[in-house]
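Please brief me on this structure.

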Amino acid sequence: MYKIMIIEDDISIAENLKSYIEKYNYEVFIVKEFKNIIDEFNRYKPDLILLDVNLPVYDGFFWCREIRNVSNLPIIFISARAGDLEQIYAMDNGADDYIVKPFSLDIVIAKINANIRRAYGSYSNLNKERILKLKDLTLYCESFLLRNRDREVRLTKKEVELLSLFIENYPRVISREDLLRTLWDDEIFVEENTLNVNITRIRKRLAEVDLEFLIESVRGVGYRLVEVE
């Protein structure tokens, strides 16, 4: 059963959506905590998000960008803002679709079904996800997910780019210059410390799914992925 997350602060609209969508065999979760929606996202692991623009604390555009750092799942905006600029801005921030309030519930279901089919159904075969495997370690490059047996953790886009490079080149050493070029195209505009921070994050992610592999520093050269003895 696919899981739908509703991020909408008008509880009557959210409950109405939930009640209707559940009739179509979807599992639905309404966000109650708006201060850190990413935590709710990581706990629930939805397959699609319905996202309002006007929210407490940060707006929907902000949360769309944050979610895009960790996932490629379909995001559909539902908003009373009907202007072209708002809809264009939503798409520019990573949205897949936009529905203007007041809306028809049948239109909402039709758009949910279409986006689910495109992301996970027969249409998705045209664009299969790149999956990298190294023993029990599996990296889902488009889902931003790292899995080791029954443990999994979500990654940011930068973390996926970095870790995929290590897996594809395992067990070779990758120079700092090559890492910077791969990630940012031109290392001139990137501080050395930026790479150090990203390497630290990758080490933490590997530890979170079980420490079978780690990133080892090779003094004066760069880094490599090594298996723990």
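The briefing below covers those topics in turn. This is a predicted model, where local features need pLDDT of at least 70, side-chain atom pairs count only at pLDDT 80 or more, and totals for chains, interfaces and linings use all residues. Residues are numbered from 1 along each chain as its sequence is written, and side-chain values use heavy atoms, without hydrogens and water.

**Helix α8**
- Helices here are DSSP runs of H or I with at least four residues, and strands are E runs of at least two, numbered from the N terminus.
- Leu 195, Asn 198, Ile 199, Ile 202, Arg 205 and Leu 206 are the buried residues of α8 (under 20% relative accessible area; exposed is over 50%, partly exposed in between; 1.4 Å probe, protein chains only).
- They lie on the same side of α8, because they cover an arc of only 120° around the axis (directions from the helix axis to the C-beta atoms).
- Asp 210, with a positive phi near 100°, follows α8.

**Cis peptide bonds**
- Lys 101 and Pro 102 are joined by a cis bond, omega about -5°. Pro 102 sits in the loop between β5 (97–100) and α5 (105–120).
- Tyr 170 to Pro 171 is also cis, with omega near 0°. The loop between α6 (157–168) and β10 (174–175) holds Pro 171.

**Positive phi**
- Val 57 has phi near 70° and is exposed at 56% relative accessibility.
- Arg 149 has phi of about 55°, in the loop between β8 (145–148) and β9 (151–154).
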